[in-house]
Amino acid sequence: MWLSYLEKLLQAFPFFLKGLWMTVAVSGLSLVGGTLLGFAAGIVRASRVRILGSILFAYVDFMRGTPFLVQVFIIFFILPEWGLHLSAFKAAVLSLTLYAAAYICEIVYGGIAAVPSGQMEAAKASGLTWVQRMRYVILPQAMKTILPPLVGQYVLLIKDSSVVSVIGVTDVTRVGWFTVQRIPEGLMVFGLVGLLYFAVCYPLIRLSNALEKKMRAEEPGGL
Amino acid sequence: MLEAFNFRVLADYLPLFLKGLWATVWISAVSLVGALAAGIVACGGRISRFPFLSRCAGAYIEAIRSTPLLAQIYFLYFGLPTLGFRLPEYQTGILALSLNSGAYMAEIIRAGVLSVSRGQIEAGMAFGLSYLQRMRYIVLPQALGMTIPPLLGQAIVLVKDSALLSLISVFELTRAGQIITSERFMPAEGFFTTAVLYLTVYYALKAFSTWWQKRLIYIQPA
């Protein structure tokens, strides 16, 4: 009995790999989108334009205060009512991008705020424009603070991408959900699903930890 | 778009939403207690001197942290019956949430315990306090104060994560939004109301966390 299920599961393995590819595609696209959007938002938030800052603050609070599942439902079910029809895949990428951007905005803002204010003043005194100050003075230093939590955020993004399976994106979680209807061995099926996520996430977690350690080691001798 | 927002239907469904909010709150509260218990046990294992215990706790923490909560919920929901455990959905959900959050709690508590300086533990040893006494009277009271803000952060995550239980047909806040969507086909009314109610819980917890942090600075001048 048990062995026959295992055999069936092995036969279904290519579907799991397809699902994994979908997970990687959805999270990869939103990772790029979320990083770009998040960096832009974080820099704007740090630039002290009051109105933009409060709008971004409200946006970040909304994204952090509501479950991602509710955000996915809002984008997938409510946008069509307003005339914007998105396929499940596009809705998934859009919601993940907006979600990740909010968290990355906070990470970038925090990183920029951690750069000593003397740096900004010195750059100003050297006659650099605002863009130059950001590009050559602030961001390169802020990156050290930003990088470890940023990689940690990518791990969260990949894990949260499992939620988009509920609107019909055939990622690993959804493949597992389909498979468990035919192979009633929940532990085995979702054990495999977990293993596939683990294979993607664990190296990234290790990378994030290593980056953090490296940053800490550089701190006392650095600035 | 706002004129299309049907407040009358909302009024009809308000009791349902409040019931959902209450379910979300108590499910999160019970899971929080479970997560604290799991977290303390896992943290104790992680920092113990026995390599076997430390490895087991480490494996648990890493396994939870590198897999999605939804996969863990399905793992228990579809997996427990094959082992012969038939639990009601909400119990499976609470178990999954507790185990998931417990792994993150363990790391938070560990950071708190390690933040208590070595000299204090040695002083406790010099007084002839046993391991349990040192933990009870020296380490934990200080570690707890330090860990309250990140623990509250984790509580916020827990409340939001409990939304996933709606997918294994546990009745809670998100489920209420799904019900109004399927019965009246009004997703905007359903999910925006859901979002606003989640936001109230979020702001309440956030305010409490800010208040506590101010208090903490007051107690322990840097």
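The two chains meet through 34 residues of chain A and 29 residues of chain B, where a contact means C-beta atoms, placed from the backbone, within 7 Å. On the side of chain A that touches chain B, the largest share, twelve residues, comes from H9(A). This is a predicted model, in which local features need pLDDT of at least 70, side-chain atom pairs count only at pLDDT 80 or more, and totals for chains, interfaces and linings use all residues. Residues are numbered from 1 along each chain as its sequence is written, with chains lettered from A and ligands numbered from 1 in the order written.

| Helix of chain A | Residues |
|---|---|
| H4(A) | 68-78 |
| H7(A) | 130-160 |
| H8(A) | 172-182 |
| H9(A) | 186-218 |

Now for chain B. Helix H6(B), residues 131-161, spans only 36 Å between its end C-alpha atoms, whereas a straight helix of 31 residues would span 45 Å (1.5 Å times one less than the number of residues). A kink of about 45° lies at B:Ile148, shortly before B:Pro149; the bend is the angle between axes fitted to the seven residues ending there and the seven starting there.

Elsewhere in chain B, the axes of H2(B) (residues 51-65) and H4(B) (residues 89-115) come within 9 Å and cross at roughly 115°. Axes are lines fitted to C-alpha atoms over the stretch in contact, with angles from 0 to 180 degrees between N-to-C directions. Among the residues that meet are B:Tyr60 and B:Ile61 in H2(B), and B:Leu99 and B:Ala103 in H4(B).

How values were computed: Helices (H or I, at least four residues) and strands (E, at least two) are DSSP runs, numbered from the N terminus.
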